[in-house]
Amino acid sequence: MNPLLTVFIIGVLGYLLGSIKVKGLSLGTSGVLIVALLFGHYGMEIPSVIREFGLICFVTAVGFIAGPVFFRNFKSKALSYVVIGILIIIAGAGSCVLVITLGGIPTPLAVGMMTGALTSTPGLAAAIDATGDSMASIGYGIAYPFGVIGVVLFVQMVPKLLNVNIPEEVSRLNQSMEKNIHHDTSPKKRIELDEFGFFPFMIATIAGILMGKIVIPLPAGASFTLGTSGGPLLAGLVMGHFMHMGPISISVPKPTLETLREFGLVLFLMGAGTNAGKGFVEILAQYGVALFFLGALMTLFPMVIGYVLATRIFSMDILNSLGSICGGMTSTPALGTLLAVTKTEAVAASYAATYPVALIFVVLSAQFISIFLM
């Protein structure tokens, strides 16, 4: 089937599935992932460039949205975000080690499952590189669906179970963020090169892609890169914070950012889903459906740890807690759901503060587990 036709068919069916509500819960945009997995199982493919393009659009838009509050918010709660990001990944890595040592699952498969449970494509790349085994990508495909859906449902269920008044919490969070938000108070009129903000957005993507290619050496022969997720996110944060370069405006209108964020997320889920849908039926036949439950454990345990840390140890409000969990789980689809549920971009700041820390540590965990348990 023509790849472009496949993209639109998956999109239509995915949005239909995502719109179905059961007791107030819905898959939302993640419905696209389910349809994409099914298409991938039957051999349909989405070119990897479409997936990467979608990911870059999504994370760059998130960076621009969070930029005005990110640095001030991070400065005031830096320790909280760093600890949450690190311990969520440690919990996931600990689950992975248990699966290897007690469950008898091959290391490449287990490490791939960990990166799928934590929805980390950079982590998967590190796992494949460290193990030299394509089984890691199959493990990713087995755990990835619940890694996405589990966090998506978690950020919807927790407020319902706790009877949280979402509009009231949003109002409180927006008031808090407004105190920290960066405003361009200069009286000078800035030069806008295009009314939609595509020029600064593209500048950010170029800078982000280049930053993502920088390789940072680590101990034990490991290495780290920000990749196509971390680099554009960082570039968007910086440009969203400063908003102008001399007389030239580098801000992007909110409607443009919201559109690019949703459009990018859909394309990313299509590519990731069709890729993850290939080849895991054979592995399931060999190791059994228990792999699904083990993958679910790798998703649930870190989320619970993150929630307890955020709410009980660091006394964070519910929305910032959920945003930081999305970041700690490196879950872009869950952030999309949280943004849709709360209808405020303020939750993106806690996601953006936790995400880089988690990204670094999931890559390190994948590499070190592969090195020492192979």
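Are Phe154 and Tyr307 buried or exposed? Both residues are buried, where buried means under 20% relative accessible area and exposed over 50%, with partly exposed in between, for a 1.4 Å probe and protein chains only.

Colleagues, a word on the basis of these values. This is a predicted model, in which local features need pLDDT of at least 70 and side-chain atom pairs count only at pLDDT 80 or more, while totals for chains, interfaces and linings use all residues. Residues are numbered from 1 along each chain as its sequence is written, and side-chain values use heavy atoms, leaving out hydrogens and water.

I turn to the aromatic rings. The structure holds 4 aromatic pairs; rings of Phe, Tyr and Trp (its six-membered ring) pair if their centres lie within 6.5 Å, and planes under 30 degrees apart count as stacked, over 60 as edge-to-face and the rest as tilted. One of these pairs is Phe64 with Phe201, stacked at 6.0 Å centre to centre with 20° between the planes. This pair links distant parts of the chain, 137 residues apart: Phe64 lies in helix H3 (residues 48-103) and Phe201 in helix H8 (residues 198-212). Helices are DSSP runs of H or I with at least four residues, numbered from the N terminus. Phe64 and Phe201 are both buried.

The ring centres of Phe154 and Tyr307 are 6.3 Å apart and their planes stand at 80°, so this pair is edge-to-face.

Finally, Glu345 sits in the loop between helix H14 (332-342) and helix H15 (347-373). Beyond its neighbours within four places in sequence, Glu345 is in contact (heavy atoms within 4.5 Å) with residues including Ile65, Lys254 and Arg261.

Conventions: Helices (H or I, at least four residues) and strands (E, at least two) are DSSP runs, numbered from the N terminus.
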